[in-house]
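Please view the sequence and the fold before reading on.

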Amino acid sequence: MRATLMYGVGDVRVENVPDPKIQQPTDAIVRVLRSCICGSDLWPYGSMPSSEQGERMGHEFLGVIEETGSDVSGLKAGDLVVAPFVWSDNTCEFCREGLHTSCLHGGLWARDGIDGGQGEAVRVPQAQGTLVKLPVAEDSALLPSLLTLSDVLCTGHHCAVTAGVGHRTTVTVVGDGAVGLSAVMAAKRLGAERIILMGRHKDRTDLGRDFGATDVVPERGEEGIERVRELTGGHGTHTVLECVGTLPALQTSMGTVRPGGTISRVGAPQYSEVPLGFPEFMNNITLTGGVAPARAYIEELLPDVLEGRIEPGRVFDRTVGLDEIPDGYRAMADREALKILVKP
């Protein structure tokens, strides 16, 4: 089959790899119908050391089950399913607590011999616990929105939930990428009364307004912080959803949060130290967030997608075939595209 591999900075190739096969009785083989390129894929795209072997890519996909192992029940060949971006058994003590990303028997796609989602098919370990059946046809117009359940919609939701967003909550969202826009949608869904989106790409912030943002702040740094404070009577917002992962984004979050407020970070952190000092201590600032346990949220969010109350698939602004994935990476890295949908 064909699949995506990254060999180093800017070096993405689509090559022939071995077809996936059932290796464990808990496995399933899924033929990929839709995949995508994630903003977090751009970090290795811009920094990965050169390699002669390459690394498989992709952690978001939905598709059709072609085969199941003997221990898999509740799923069968022909079922349309979505896979969260971390596979898990959905039964261990951490999964039962809603922390599937710490599953005792789980792992990551495209690691340790597991297929990546940016290919024609995937061997899914712990298939019964990982995969969620979707009650639509293979040609459904909802597939792009359903694909967001694999990562970005659930990540934005996780950011809002861990920050404590609710009715009468004011929110600042830092970042106008797909996760940031999903966080806007999540905050609106949870009842936030005011949502300030910090972003400078007008096409993205216009979509953010459609998703529920009440204000847009294009300024960055101290100027952006000052603008948010002007909009909130000088106090800042109750919650800040940090959806970028850089230190400047976190510093902006620290500057825009209200005393007693909460910052949730879900952008993959590209820094090793967090600037939480005496001022934050005196203002009772809470820092939370982390990698989203998408599997814990899919059943909650799925009805809103199926019934059209939210349209998270609008974050995809370009569709490519499998062989066009390298150009898709380039387009996202050059900010020519918000998020690339892949149709193998």
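## The parallel sheet

In this predicted model, 6 strands pair in parallel as an open sheet, ordered β13-β12-β11-β14-β15-β16. Strands are DSSP runs of E with at least two residues, helices are runs of H or I with at least four residues, and both are numbered from the N terminus; two strands pair if DSSP finds at least two bridges between them. At the edges lie β13 (215–217) and β16 (286–289), each of which pairs on one side only. Direction ignored, neighbouring strands of this sheet are turned by 20 degrees against each other on average.

Within the sheet, β11 (residues 170–174) and β14 (residues 237–242) are joined in the parallel sense by 4 bridges. Val-171 has Thr-239 in β14 as its bridge partner.

## Helices on the sheet

Helix α5 (residues 152–163) packs on the sheet and touches β14, β15 (257–265) and β16, where contact means heavy atoms within 4.5 Å. The direction of α5 makes about 150 degrees with that of β15; axes are lines fitted to C-alpha atoms, for helices over the stretch in contact, and angles run from 0 to 180 degrees between N-to-C directions.

## Strand β3

Of the 9 residues in β3 (residues 28–36), 8 are buried, meaning under 20% relative accessible area with a 1.4 Å probe and protein chains only. β3 pairs antiparallel with β5 (residues 61–68) over 7 bridges, and Val-32 stands opposite Gly-63 in β5.

## Basis of the model

Residues are numbered from 1 along each chain as its sequence is written, and side-chain values use heavy atoms, without hydrogens and water. Local features need pLDDT of at least 70 and side-chain atom pairs count only at pLDDT 80 or more, whereas totals for chains, interfaces and linings use all residues.

How values were computed
Buried < 20%, exposed > 50% of the residue type's maximum accessible area, 1.4 Å probe, protein only.
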